[in-house]
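Welcome, and thanks for taking a look. Below is a short briefing on a few side-chain details, grouped by topic.

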Amino acid sequence: MKISHRIKDRLIQLFMISMLGIILIAYYHIELSPYPYKGYEMADNLFKKHDADLNESIVLTRFGIMKQYDTVVESLNSLYNTVNIFESLIKKQPDPDLSKRLQNLKNIIIKKDHLITDFKRLNPIVINATHDFSRIMSQIIDSETQADIVERFSIQNYKPEHYEYLNKLNSLFKEILIYTSSPTEERYNNSVSLINSIKNDPQKDAQVDLALRYAQTILSYSAKLIQIDKAILLLPVLDELNQLTQYFKKDYIEYSQTINFYQYAFYILSVLLLIMVHLAFKRLQNIVQALDDSNQLLEQRVAQRTKDLANKNEDLNKAMVDLHEAQDQLIMKEKMASIGMLTTGVAHEIKNPLNFINNFSELSRSLSSELKTILEKEKAQFSENTYLDLRDISSDIESNCQKIQEYGVRADNIVNSMLMHSKESSAQKEMTKLHPLIEGAADLAIHNHKTQYPTFQVKLEKNFDPNLDKTFIAASAISQACISILNNACWALQEKLKSDPTFMPIIRINTQKQGHIAVLTFFDNGIGIPEANILKVFEPFFTTRPTGLGNTGLGLSIAYDIITKQHKGEFGVNSKTNEYTEFTIKIPINPQDHI
Amino acid sequence: MHKINGLIILLGITAGLQLSFCAFAIQFDQRPITPIPPNPVPTKAEQKNIDLGRQLFNDPNLSGNQKTSCATCHNLSQGGRVPRPKGQLKIPSIFNSRYNFKQFWNARTPYLENAIKSSLLDPTMMGFNPKTGLINLNNTKKYNSRLTFEKIISALTAYVEMLNTPNSRFDRFLEGNTQALTDSEKKGYALFQSYGCISCHQGVLIGENILQKLGIYNDYFSSKPKLENFDLGYYNVTNNPNDRFVFKVPSLRNVALTAPYLHDSSIDTLNEVVEKMAFYQLGHPIPSEDIKYIVEFLNTLTGEIPKK
């Protein structure tokens, strides 16, 4: 079974999170959750110290080295406080075993407290009694011994009973004092019997009575006190404490074992997590790298596509332009053809009437000159006035006929020109050198223009391609076309000179061999052709020049026919108003070639 | 620590070794009586609590009958208590009670808080009812904060712990000023020690750290016409017949201010009580000449009474 990438990522994520959780738990156990019974060792030490202090102060007070019990009270209170410390420790994490052991310890301290209370009660009594007893006894013995010295000199006063009595007192003194530190039953019985015998002795006085009373007090309390001392010091306080601390220790060992476990877990898991984070980071790096790469590739591709698209677009635009041009040319060709046919037809129909008009006007003119000569001869037959009238009328007829003839000739010219359209293929084409032909045409055109405008100066630049030699053309037709173009150029330059006399007119003629095609360009820097007219220039009868002066508006139209129809070439124009005009002629060089 | 046990056995055998032991015990203040230490300087919060305690101490609303305050029985200008008629249980002085090893005549509790609590609740003393009493107390609006029983106890404890009487003439003498006592007072102190009074009355408070039976050598209570329950003393706490007539040894601090004496307020003067103490507790009379000196010494134990 194949696990999807998404689920795999999720699983890894989950794994890392759970690992982090375990690490946090381990950390909590190691650092944040301290040993619940932390400080038990200190309490243990404190307890031992206070117990020792207590015992010490009990001993000190027992022997009267220290007279006050404040230290006993303080030590005991401190013991209770220490037990409270233990209690508060156990409260943090209750444990029945610990509580039981602490209770034992507490009980034993309470026991000790009770014993100490008794001790503190009895101790002053014994101390005072011992003190008073020894004071009184030593007083008695002092005074008796002094009396003894006196009495020893008077032997008659010697009384054995008295001597015995003094001995009894002495031995009681000794017995009691020894009894205070080591009370034995034998000593107790001895002392009691001594006390009894002294009590019954008639020689005793009030002082001795008092001493006996203290002796009795000592006898009754001393043993008890020593018992209490023993009981206090033999109480197994430290044993109970040890049991308690043993348990704490055991607990601590368990605790430190778990802590160790958590510590190992913490270290191992931390390292594992680090490795995983490292791997994840690496993977991320790879992904980012791959993403970067694919991004770059994508960008490159987009750029490539955009470029391709732009190229295609350009091609398309070019094709469109070409199409338009072709369409325009096609339309133009069709237009030209129909106009050509029309004009040819019309010219043919007009030619005959025009011949009549021309011939008869010629005839009428000669007839009117005849009429004039006759009138001169027959002058006398008419009155002066009539003669003058007749003469004037004949002059008018003559001049009218002359005008008719003049305009008839012009119409005939036009018709002849129009008939040129139909004469296209009539001229014979042969391999002809182009350059002399063009040079001749240029000279002719400029010279012709100079005859009308003698001041006209033009700079003629000729860049002829030496590779271009003979071309298959009808020389007269091409020459005519060149003259028509150059005529127009001269006129455009002349127009520009009118507005700007400082202007320097230039005509530039270039020829170039482009493969099997001869390309001729005729450039002038004259007034140019307005954009609105640029398509009309090849139409017959379109002209911007004043008519007359041999201008029929057919020059470029005929040139167009010559080049496109007769020579299967191309004829194009390019212009900018007030800057330049450039006509381009493309003609196949050899008869088998075509454009 | 075991070493000390061993030492104790050795010491038990010969008293002669006691002297050598002295060097060991040098860490303790060996003077039978030590001066009262000066009061600790409270922090701001503690001072606030103490002030509240002072106000409560003097407030009769703290009692069941709305008439008794702590100060009614523990009058600071009368030695920290008021005298009671003969035969009634003597009111212990409130002074220096923080140093008492146990509270009350029968030593029924070691803790001052408990003593204050039980005095408040005891119908024979304050008779305070925490339920109705707290409402009353809070209704008086005398206190800035809302009182709880615990707060009251804590404040009273804090206040009472400040009611100490340091700087008595005797304390100054203990601190090294030999001029603080007159010769006869010094003689009184010497007699106080040599007669054995010091055996029970020692420590900071000159008493207040042990229990003792009243009537060691002579029966004190046989002369009483009627035995009161409080006469049984520590027996009331332990029910142990040995503890009959056992009482806490009272402090002799400010003793001149706190007549009448003994737990049952039965003795009016210091002279008389010294005489009686000698009879019952020491077992032999003290000459009246010496009693005079001892009383002079007792008069030097009056310290600086805290202000209201």
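Which backbone oxygen does the side chain of Ser251(B) reach? That of Leu205(B), at 2.6 Å. This is a predicted model, where local features need pLDDT of at least 70 and side-chain atom pairs count only at pLDDT 80 or more, while totals for chains, interfaces and linings use all residues. Residues are numbered from 1 along each chain as its sequence is written, chains are lettered from A and ligands numbered from 1 in the order in which they are written, and side-chain values use heavy atoms, leaving out hydrogens and water.

**Around Ser251(B)**
- A polar atom of the Ser251(B) side chain also lies 2.9 Å from the backbone nitrogen of Arg253(B).
- Leaving aside residues up to four places away in sequence, Ser251(B) touches Leu205(B), Ile206(B), Gly207(B) and Glu208(B) (contact means heavy atoms within 4.5 Å).

**Salt bridges**
- Over all chains, 29 salt bridges are found (a side-chain nitrogen of Lys or Arg within 4 Å of a carboxyl oxygen of Asp or Glu).
- Asp118(A), Arg121(A) and Asp243(B) are linked in a network of salt bridges.
- Arg121(A) pairs with Asp243(B), their closest N and O atoms being 4.0 Å apart.
- Arg121(A) lies in helix H4 of chain A and Asp243(B) in a loop of chain B, so this pair joins two chains.
- Both Arg121(A) and Asp243(B) are buried (under 20% relative accessible area; exposed is over 50%, partly exposed in between, with a 1.4 Å probe and protein chains only).
- Asp118(A) is partly exposed at 25%.
- Lys224(B) and Asp231(B) form a salt bridge at 2.9 Å between their closest N and O atoms.
- Asp231(B) is buried, with a relative accessible area of 0%.

Note on methods:
A polar contact is a pair of N or O atoms within 3.5 Å; within protein, one must be able to donate a hydrogen and the other to accept it, and residues adjacent in sequence count only if both atoms are side-chain atoms. Helices (H or I, at least four residues) and strands (E, at least two) are DSSP runs, numbered from the N terminus.
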